[in-house]
Amino acid sequence: MPRAVLDGDDELTRDESATLGRAMKRSWSRSWDAEAVHGLVARYRPVSGDRGELTVAAMYGRFRGIAGVRARVLADNGARATQVKVLVPPQDVTPSGSRVRVDCEVLTRTWADGAKLTYPVCVWADGNTWARVA
């Protein structure tokens, strides 16, 4: 994973590709029409010291049924120990002139102690790559 993203505004704090990336690879290799896949997961924090975190999960390999890939990635919101609700359903926000469709939604995650977080999630996919940014 790159050491910085967004023109250097966010720096890598954790590369979880060796653990979460491998788990994603096992799941996708067995359950979806995907071949030769490799998973990547990383977390970034603003260099400015502002609060917040950017999480990137991605895979590369060979994928079929790209619309289904986008839908699956959006549906896998990581809701294991928390409750996640969709506030704004997925919408196409593909940049003008782009050949790769981008879908975004807004989620709210609630923890057992009542803490809440509202955040956007965007996904794109083509035949060789998909990525989810939250």
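**View 1. The open antiparallel sheet of the predicted model.** Two strands are taken to pair if DSSP finds at least two bridges between them. Strands of a sheet pair through backbone hydrogen bonds, either parallel or antiparallel.

View 2. Strand E5 and strand E6 (residues 102-110) are paired in the antiparallel sense over 7 bridges, and Gln 91 stands opposite Cys 104 of E6.

**View 3. The disulfide between Cys 104 and Cys 122.** The structure holds 1 disulfide, which joins Cys 104 to Cys 122 with an S to S distance of 2.0 Å. The torsion about the S-S bond of Cys 104 and Cys 122 is about 110°, so the disulfide is right-handed. Cys 104 lies in strand E6 and Cys 122 in strand E7, and the pair therefore ties together parts that are 18 residues apart in sequence. With a relative accessibility of 14%, Cys 104 counts as buried, whereas Cys 122, with a relative accessible area of 23%, is partly exposed.

View 4. The side chains of Asp 103 and Arg 70 meet in a salt bridge, at 3.0 Å from N to O. Because Asp 103 lies in strand E6 and Arg 70 in helix H2, the pair ties together parts that are 33 residues apart in sequence. Both Asp 103 and Arg 70 are buried.

View 5. The structure holds 8 salt bridges, and one of them is formed by Glu 35 with Arg 62, whose closest N and O atoms are 3.1 Å apart. This pair links distant parts of the chain, with Glu 35 in strand E3 (residues 34-46) and Arg 62 in strand E4, 27 residues apart. Glu 35 counts as partly exposed at 35% relative accessibility, and Arg 62 also counts as partly exposed, at 45%. Glu 16 forms a salt bridge with Arg 14, the closest N and O atoms being 3.5 Å apart; here Glu 16 is buried at 16% relative accessibility, while Arg 14 is partly exposed, with a relative accessible area of 41%. Salt bridges that share partners join Arg 14, Glu 16, Arg 43, Arg 45 and Glu 53 into one network.

**View 6. The largest nonpolar core and a separate one.** The largest nonpolar core has 18 residues, and those with the most contacts inside it are Trp 28, Met 59, Phe 63, Val 69 and Trp 130. Helix H1 (17-31), E3, E4, H2 and E7 are the elements that give two or more residues to this core, and its largest share, 4 residues, comes from E7. When residues up to four places away in sequence are not counted, Met 59 touches Met 24, Lys 25, Trp 28, Val 37, His 38, Gly 39, Asn 128, Thr 129 and Trp 130.

Terms used. Residues are numbered from 1 along each chain as its sequence is written. This is a predicted model: local features need pLDDT of at least 70, side-chain atom pairs count only at pLDDT 80 or more; totals for chains, interfaces and linings use all residues. Side-chain values use heavy atoms; hydrogens and water are left out. A salt bridge is a side-chain nitrogen of Lys or Arg within 4 Å of a carboxyl oxygen of Asp or Glu. Buried means under 20% relative accessible area, exposed over 50%, partly exposed in between (1.4 Å probe, protein chains only). A nonpolar core is a set of buried Ala, Val, Leu, Ile, Met, Phe, Trp, Tyr and Cys residues joined through side-chain atoms within 4.5 Å. Contact means heavy atoms within 4.5 Å. A disulfide is a pair of cysteine sulfur atoms within 2.5 Å.
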